[in-house]
Amino acid sequence: MATHKLLLLPGDGIGPEVMAEVKKVVGWLDSHGFASFSIEEDLVGGAAYDENGVPISDDAMAKAFDADAILLGAVGGPKWNTVGFDVRPEAGLLRLRKDLQLFANLRPAVCYPALAEASSLKRDLVEGLDVLIVRELTGGVYFGEPKTITDLLDGQKRAVDTQVYESYEIERIARVAFELARTRSNRVVSTEKHNVMKTGVLWKQVVSEVHGSEFSDVQLEHQLADSCGMQLVRNPKQFDVIVTDNLFGDILSDVAAMLTGSLGMLPSASLGSVEEISGRRRALYEPVHGAAPDIAGKGLANPIAMIGSLGMAMRYSFGLGEAADKLDAAIAGVLAQGYRTADIYSDGMTRVGTTGMGDAILAELGKAG
Ligand code: NAD
Ligand code: IPM
Ligand code: MN
C-alpha cells in the first residue's frame with residue numbers, strides 16, 4: 001500500500017483542538033488498513049510568528065512542497081492584531097495558497113437531514129441542500145498590486161486594494177467548476193459584478209467562452225454577486241455549483257455554511273493543477289471557519305469541518321473514495337444519533353464537546369466495521 005505524506009499545520013485558536021480530533025481519525029484509518037500515512041507537523045499563523053517571527057517558515061514551506069497533502073486547522077486571533085501586516089497570521093495561509101498555486105477552492109455545503117433544525121433557515125428550505133462553491137483562490141483583490149496605505153499631504157490617508165484577473169486564471173477555475181458539475185447535477189451559476197467591475201466583465205466573458213467551447217452540455221447561468229447572496233438565503237436548493245472569485249467566494253461560503261447549521265460544519269479542499277511529471281496535484285485541506293477566538297481553549301469547537309476536510313483529502317488526493325464515504329457516513333451517523341456540539345445544539349440532543357464529538361465519530365467508524 002502506498003504511504004501518503006501528510007503535513008499537519010494546526011495553527012491557532014481552535015485549530016489545534018480540531019486537529020487533535022482529526023489525528024485520531026488518521027490513526028484509525030491507518031490502523032484499520034484503509035491507508036498508510038507518514039506524518040509531519042509544523043507551525044503556521046500566530047504560533048509560527050511567536051516562534052520564528054514569520055507566519056510560516058521556509059522550512060515549513062519546504063515540507064508543504066514535499067507533502068502529498070496538507071491539513072490546516074486555522075490561523076489568527078486578537079493576540080496578533082498589532083503585528084506587521086506582512087507577518088500577520090493570515091499571511092502564512094495566503095503564502096501557502098499562492099506559492100503552491102492552490103487556485104481551486106472547493107467548499108461543499110451539505111445540510112445533513114438531522115441538522116436541518118440547526119440552520120437559520122426553515123427546514124424545508126435547507127433539508128437535502130447540496131451546493132458546491134468553487135472559489136478562485138490565488139488571484140483577485142487578495143493578491144493584486146498595488147496594495148497600499150499612504151499618507152496624503154492634507155493629513156488624510158489613502159488605502160488601495162487592487163482586483164486583478166487574467167483570462168487564464170478565470171479559464172482554469174471555470175473548467176474545474178464545469179468538470180465538477182458534470183459529476184453532480186450538471187448546473188453552474190457563475191457570479192461576479194460585471195455591472196460595476198472590469199474584472200466582472202472579463203469573468204463573465206471568459207466563463208461563457210469556456211462553456212461554449214468545452215462544456216455546452218452543462219447548464220450555465222450568470223448571476224450578479226449581490227443577487228446570488230440573496231438567492232442563497234431565499235432558495236438555496238436552486239444551486240448545484242457556484243463558481244466565483246476569491247472575495248465573493250469567501251463571503252458566499254460563510255453564508256452557505258450557516259445554511260447547513262454552522263460554520264463548524266464546512267470542509268474545504270484547495271487544489272492546484274495536476275503536475276506533468278509527477279502526476280501529483282498539490283492540495284491543502286482546511287475547514288472554512290477560522291480560529292474562533294471566542295471559544296478557543298474551551299473544548300467547545302465542532303471538529304466536523306476539520307474531519308470532513310480529511311474526508312476530502314481521501315477523495316481528491318489519495319483516490320480513497322471508500323474511506324471518504326465511510327467518514328461521511330460516520331459523521332451523518334453521529335448527527336442522526338443526536339450528538340451535538342454547542343454550535344449545532346438544539347433541545348433534547350446530546351451535548352458533547354470537541355473530544356466527545358471526535359470520539360463519537362471514531363466509535364461510529366468502528367461500528368461500521
Ligand atoms: P471564525 O470563523 O473564527 O468564527 C466566527 C464564529 O463562528 C465565531 O462565533 C466562532 O465561535 C464560530 N465558529 C467557527 N468555527 C467554529 C467551530 N468549529 N465550532 C463552533 N463554532 C465555530 O471567524 P472570525 O471570528 O471572523 O475570525 C477569527 C480569526 O480567524 C481572524 O483572525 C480571522 O482572520 C481568522 N480566520 C482564519 C481562517 C482560516 O484559518 N482559514 C478562516 C476564517 C477566519
Ligand atoms: C478563509 C479565510 C481566509 C480568507 C483568511 C483567514 C485569509 O477567511 O479561508 O475563508 O479570507 O480566505
Ligand atoms: Mn473566510
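Reply: A residue is near a molecule or strand if its C-beta atom, placed from the backbone, lies within 6 Å of it. Of the 22 residues around ligand 1, those that come nearest are Gly76, Gly264, His289, Gly290 and Asn302. This is a predicted model, in which local features need pLDDT of at least 70 and side-chain atom pairs count only at pLDDT 80 or more, while totals for chains, interfaces and linings use all residues. Residues are numbered from 1 along each chain as its sequence is written, and chains are lettered from A and ligands numbered from 1 in the order in which they are written.

Me: How many residues of each class does the shell around ligand 1 have?

Reply: Ala, Val, Leu, Ile, Met, Phe, Trp, Tyr, Cys and Pro count as nonpolar, Asp, Glu, Lys and Arg as charged, and the others, Gly among them, as polar. The shell around ligand 1 has 11 nonpolar, seven polar and four charged residues.

Me: Which residues surround ligand 2, and which helix gives the most to its shell?

Reply: Helices (H or I, at least four residues) and strands (E, at least two) are DSSP runs, numbered from the N terminus. Gly76, Glu90, Leu93, Leu94, Asp250, Val288 and Gly290 surround ligand 2. Helix α4 (residues 89–99) gives the most, with three residues. By class, this shell divides into three nonpolar, two polar and two charged residues.

Me: How is the burial of a strand read, and which residues of β10 lie on each side?

Reply: In a regular strand the side chains alternate between the two faces of the sheet. A residue is buried if 20 or more other C-beta atoms lie within 10 Å of its own, exposed if 12 or fewer, and partly exposed in between, with C-beta atoms placed from the backbone. In strand β10 (residues 241–244), Val241 and Val243 are on one side, Ile242 and Thr244 on the other, and all are buried.

Me: Which strands are joined to β10?

Reply: Two strands pair if DSSP finds at least two bridges between them. Strand β5 (residues 130–136) runs parallel to β10, with four bridges joining them; Ile133 has Ile242 as its bridge partner. Strand β8 (residues 187–192) is also parallel to β10 and joined to it by four bridges, and Thr191 stands opposite Thr244.

Me: Where do the domains lie in the chain, and how many residues are in contact between them?

Reply: Domain bounds come from an automatic or database domain assignment. Domain 1 covers 1–106 + 264–369, and domain 2 covers 130–259. Two residues are in contact if their C-beta atoms, placed from the backbone, lie within 7 Å. By this criterion, 13 residues of domain 1 are in contact with 16 residues of domain 2. On the side of domain 1 that touches domain 2, α4 and β4 (104–110) each supply at least two residues.

Me: Which residues does UniProt list for "binding site"?

Reply: UniProt positions are given in the numbering used here, feature names are shortened, and annotations may be inferred rather than shown by experiment. The unreviewed UniProt entry lists Arg97, Arg107, Arg135 and Asp226. They do not all gather at one spot, because the farthest two C-alpha atoms are 26.1 Å apart.

Me: Are Arg97 and Arg135 buried or partly exposed?

Reply: Arg97, found in helix α4, counts as partly exposed because it has 19 C-beta neighbours inside 10 Å. Arg135, which lies in strand β5, has 27 such neighbours inside 10 Å and therefore counts as buried. Leaving aside neighbours within four places in sequence, the contacts of Arg135 include Arg107, Thr244 and Asp250.
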